[in-house]
2 protein chains.
Amino acid sequence: MGIKKESTEVRKEQIVRAALGIIGKDGIQGLTTSGIAKAVGISEANIYRHFKNKDAILTATVEDLEDTISNILKAVTTRDIPPLDKLAHIFKLHLSHIQENKGVPRLVFSSELHFRHDLRDKLSSLIDRYLKMLTGILDEGVEDGSVKSATDTAAMAGLFVGMIQLSALRWSLSDFKTSLLGDGEKLWKGYRKCIEAKGRQT
Amino acid sequence: MGIKKESTEVRKEQIVRAALGIIGKDGIQGLTTSGIAKAVGISEANIYRHFKNKDAILTATVEDLEDTISNILKAVTTRDIPPLDKLAHIFKLHLSHIQENKGVPRLVFSSELHFRHDLRDKLSSLIDRYLKMLTGILDEGVEDGSVKSATDTAAMAGLFVGMIQLSALRWSLSDFKTSLLGDGEKLWKGYRKCIEAKGRQT
DNA sequence: ATTGTAAGTGAGTATTTACTCACATAATAA
DNA sequence: TTATTATGTGAGTAAATACTCACTTACAAT
């Protein structure tokens, strides 16, 4: 009876995916090696052929998240659309990503992650890059006149991220029953009104 | 050799306090019955004289948090000061409370709590009340002319809470090394500029 | 002083968890 | 084919954890 063998690259990806899924369903404390093994369909021992230990799995999961977010940001920023549209786009994409990966907010807020200096630093710099990028887009908007000139762009970038966080928290607290995108949209409209220059709406 | 006995009320309070402290230091996953016992200075078995199980301790901790936040809000709202000052006050008090109780954000964001429908509901309604109160203050400001009339007060209340969340997250990710109040202040200034009516500053 | 009760404890137990190891088998190269 | 190596596994282990239980002791009321 031939049991299929997969390369360690494939297994690593499967394991990371499974881990993020489990975190979404059962939280970080619900992430167990036996749970991962079951989800992937391999033995628990086999996990240790591909990862040194459980911590390494978490590390890989965070690195995967880094890539995903970075790619989202890159894809939007390089497009040649008005700054406010860029922001609207990023907002929607980010919430969509969270909706499809409930594990992400759980991971980001988990103290397990916050206690690991390496992961903490990774996440911290990811957020910094994110904020800088948002600030840049807002500055762009100030320049082309679509955003009020008096805007504190760095602070408003922070509010943008805070908006995403609140949306995610309330969604999680509603047991994912409310509409993440819908509730987010309401906040976005208020935010937009806040920064938009008066003279020129679409 | 007489070992001092305390009433169950006192012990309950001590246990809840210890629990919140441990959550702040070691996260929710670091909260163990033996850890609590050591922190309080009693035997592990004794904990079960005062709480049915570990879940009950979490419940009591959340209820304690509810009280604290409610009291902060009440104290500020009843004071007769301008709406914008009220908001500034709440913002500062809330961040101070977080600074002195690192366990609070960890608890609020923990999936352990989000999985307990009873606690989830408690927290959810606490946030709702919070948001409604903020919206009320902002409406007050619109009425007396200190806040822009075009403001979407409900959305801006959400942004206010998001601001607190982001501040707390970045603070935690910095290993509590950055200044929570200081970084929060920057966001607050941007926020204030956003909602403040132009004609009338202090 | 006696007694009832609430607070306190040491020594357990059953379960779960991350991780190991000896051994097996598929894929690949010689 | 044969040999090598990477992938795979069942059966374990040590440690941690929430919780129980028989038993003790402080304390308050009578």
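**Stop 1: where the chains meet**

Select chain A and chain B together. In this predicted model, 37 residues of chain B are in contact with 37 residues of chain A. Now keep to the chain B side. Which helices of chain B each supply at least two residues to the side that touches chain A? Colour helix 6 (103–109), helix 7 (111–114), helix 8 (117–144), helix 9 (153–173) and helix 10 (180–195). Helix 9 of chain B gives the largest share, 13 residues. Next, colour this side of chain B by residue class.

**Stop 2: the nonpolar core**

Select A:L159, A:Y191, B:L159 and B:Y191. These residues have the most contacts inside the largest nonpolar core, which has 108 residues. In soluble globular proteins, nonpolar side chains tend to be buried together.

Centre the view on A:L159. What is A:L159 in contact with, leaving aside its neighbours within four places in sequence? In chain A, the partner is A:Y191. In chain B, the partners are B:L159, B:G162, B:M163, B:L187, B:G190 and B:Y191.

**Stop 3: chain A as a whole**

Follow the sequence, and the pattern reads α-α-α-α-α-α-α-α-α-α. The C-alpha atoms of chain A fill a box of roughly 70 × 35 × 30 Å along the principal axes. Chain A has 202 residues, and 39% of them are buried. Look also at contacts in chain A between residues at least 6 apart in sequence. Of these, 63% join residues at least 24 apart.

**Stop 4: a buried arginine**

Select A:R106, in helix 6 (residues 103–109) of chain A. Is A:R106 buried or exposed? A:R106 is buried, because 27 other C-beta atoms lie within 10 Å. A:D26 and A:R106 are 80 residues apart along the chain, yet their C-alpha atoms are separated by 9.6 Å. Now bring chain B back and show what A:R106 touches. Not counting residues up to four places away in sequence, A:R106 touches A:I23, A:G24, A:G27, A:I28 and B:S111.

**Stop 5: two residues in a loop**

Move to the loop between helix 9 (153–173) and helix 10 (180–195) of chain A, and pick A:D175. A:D175 is not a glycine, yet its phi is positive, at about 60°. A:D175 counts as partly exposed because it has 13 C-beta neighbours inside 10 Å.

Then pick A:F176, in the loop between helix 9 and helix 10 of chain A. A:F176 has a positive phi of about 65°, although it is not a glycine. With 13 C-beta neighbours inside 10 Å, A:F176 counts as partly exposed.

**Stop 6: a helix pair in chain B**

Finish in chain B. Select helix 4 (residues 54–77) and helix 5 (residues 83–100) of chain B. At what angle do helix 4 and helix 5 of chain B pack? The angle is about 155°, and the axes are 10 Å apart. That angle makes helix 4 of chain B roughly antiparallel to helix 5 of chain B. The crossing of helix 4 and helix 5 of chain B is right-handed.

Show the side chains at the contact. Helix 4 of chain B brings B:I72, B:V76 and B:T77. Helix 5 of chain B meets them with B:K86, B:H89, B:I90, B:L93, B:H94 and B:H97. By class, this contact of helix 4 with helix 5 of chain B has 4 nonpolar, 4 polar and 1 charged residues.

Terms used:
Residues are numbered from 1 along each chain as its sequence is written. Chains are lettered from A and ligands numbered from 1 in the order in which they are written. Axes are lines fitted to C-alpha atoms, for helices over the stretch in contact, and angles run from 0 to 180 degrees between N-to-C directions. Helices (H or I, at least four residues) and strands (E, at least two) are DSSP runs, numbered from the N terminus. Angles under 35 degrees count as roughly parallel, over 145 as roughly antiparallel, 65 to 115 as roughly perpendicular and the rest as oblique. A crossing is left-handed if the near helix is turned anticlockwise from the far one by less than a right angle, and right-handed if clockwise. Two residues are in contact if their C-beta atoms, placed from the backbone, lie within 7 Å. Ala, Val, Leu, Ile, Met, Phe, Trp, Tyr, Cys and Pro count as nonpolar, Asp, Glu, Lys and Arg as charged, and the others, Gly among them, as polar. A nonpolar core is a set of buried Ala, Val, Leu, Ile, Met, Phe, Trp, Tyr and Cys residues joined through C-beta atoms within 7 Å. A residue is buried if 20 or more other C-beta atoms lie within 10 Å of its own, exposed if 12 or fewer, and partly exposed in between; C-beta atoms are placed from the backbone.
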